[in-house]
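Please keep the 3D view open as you read.

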Amino acid sequence: MADIKYDFGLVGLGVMGRNFILNVADKGFTAFGNDLDDEKVNALIEEGGDTQKVSASTDAAEFVNALSTPRKIMLLVPAGKVVDAVIENLLPLLDKGDIIIDGGNSFFTDTDRREAFLKEKGINFFGAGVSGGAKGARRGPSIMPGGSKDAYQHVRPIFEAVAAKYDGEPCVAYLGPKSAGNYVKMVHNGIEYGLMQLTSEIYDVLKKAGKLSNEELHATYAEWNKGRLQSFLVEITSEIFEQKDNLTNGDLVDVILDKAKQKGTGKWTSQNAMDLGIPVPTIDIAVSMREISALKDERKKADELYNRPTPNAINKTELIKDCEQALYFAFIMAYAQGMHQLADASKEYGYELDLGEIAKIWRAGCIIRAALLADITNAYKANSGLQNLLLADSFVEKVQSTVVAARKLVSYGALNGIPLPGLSNALTYFDAYTSERLPLNLIQAQRDYFGSHTYERLDREGIFHTEWEA
Ligand code: 6PG
């Protein structure tokens, strides 16, 4: 074994790592894994079959020595301190020119820090977001690399081989310098939060107002998945409604505790959007709803204190039609907000992002893959300087024809006590973004009134202050 030099190394043989490395081997590359856990190492060797193609070791030196140079080492370990610890461990064993790729959901400023630190040591480091979960890692994820373009060239053939394909094109592309890859993956996850929240709200309305059974919910989402809403999340949602519970033989979805956990990428997207001054309210509220969901005990107490209207009867067929339109409308808003954030971040951090290329590599493999992404790709390819998807001619009709259903559902939810915060935020975002005149002139007047903060005028240039008369 000592004489074989493997093409690709991977540290972290958890579910994602094991699947990714097996995918690499399937594509004809030799790959070597490393993990501290004996069991994981042995499991990979067993699953890999031929150790001339896939092997692994718990020993970092053996791992590093097994790789051809420049070494291409991908880390698929939990974001945070573990990444730094793995780097520290590998560093004395590496040679100048070797490449470390962080494939986890690392915070983008950590990637910038690590890149700068490793550059001084002659080691190339870049972040590459990987989306698609375990199945994606095994069969074809969407991969979002950034960092040094030259270093990426060494990894490119492997990434292009393992990535998901859309119309034969690999869902991977070099996205830009520094932490561009991790940043894009972070916003991908923010959009993911938005889409998931919206999908769950529509389930709530269909269940509470339309009284749809799980079987009908399954059929409805499955039907939608054949049309313009076709997407990974709609597809798995339809399947979720079919799943039986082994313990009770009932439907699994009904016994799952309604507290959604989070690892932080959605929150980071929101926080960073605030820093940039870019509104992403559908993503913000998706994060807030996970926080509200966590307050189960308080919600239970409050539920007993307040009366809630009993939802009015509603025509089921019409409701399903409205839900399809409203969900499509709100999905567009979630993507529009995320893309807007990317456009601004690109300028702020010098990423030089090509938004059309990003939408393109999201068309397959990743969690937010959707038919809509082909349209988004085309919109940005037609105008790479597009400030917001809502300004694309090709989206006007899509939005115009579905916003009415969103209005109907938001007002139905408000009147009947069904919380639809993602949908109403998407609608409010649309209404505000498409209003030439907003009432924020009054806020400027108030600021000037109490704090002499000055204001600008519609009818002439300059900065003004008024001595407001009490
Ligand atoms: C992906 C997912 C993946 C992970 C989420 C879960 O693209 O494959 O986004 O990265 O499943 O980060 O995030 P939460 O635990 O925060 O929901």
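This is a predicted model: local features need pLDDT of at least 70, side-chain atom pairs count only at pLDDT 80 or more; totals for chains, interfaces and linings use all residues.

Residues are numbered from 1 along each chain as its sequence is written, and side-chain values use heavy atoms, leaving out hydrogens and water.

**Domains**

The table lists the domains of the protein chain, with bounds that come from an automatic or database domain assignment.

| Domain | Residues |
|---|---|
| Domain 1 | 8-178 |
| Domain 2 | 185-433 |
| Domain 3 | 438-470 |

Between domain 1 and domain 2, the C-alpha centres are 31 Å apart. Their contact (heavy atoms within 4.5 Å) takes 26 residues from domain 1 and 23 residues from domain 2. Together the two domains bury about 1900 Å², with 66% of it on carbon and sulfur atoms; buried area is the accessible area (1.4 Å probe) that two parts lose on being put together, summed over both. Within domain 1, Phe 108, Tyr 166 and Leu 175 supply 28% of the area buried against domain 2, more than any other three residues.

**A helix pair**

Now look at helix H8 (residues 180-208) and helix H9 (residues 214-224), which pack at an angle of about 135° with axes 11 Å apart. Helices here are DSSP runs (H or I, at least four residues), numbered from the N terminus. Axes are lines fitted to C-alpha atoms over the stretch in contact, and angles run from 0 to 180 degrees between N-to-C directions. H8 contributes Thr 199, Ile 202, Tyr 203 and Leu 206 to the contact, while H9 contributes Leu 217, Thr 220, Tyr 221 and Trp 224.

Methods. Helices (H or I, at least four residues) and strands (E, at least two) are DSSP runs, numbered from the N terminus.
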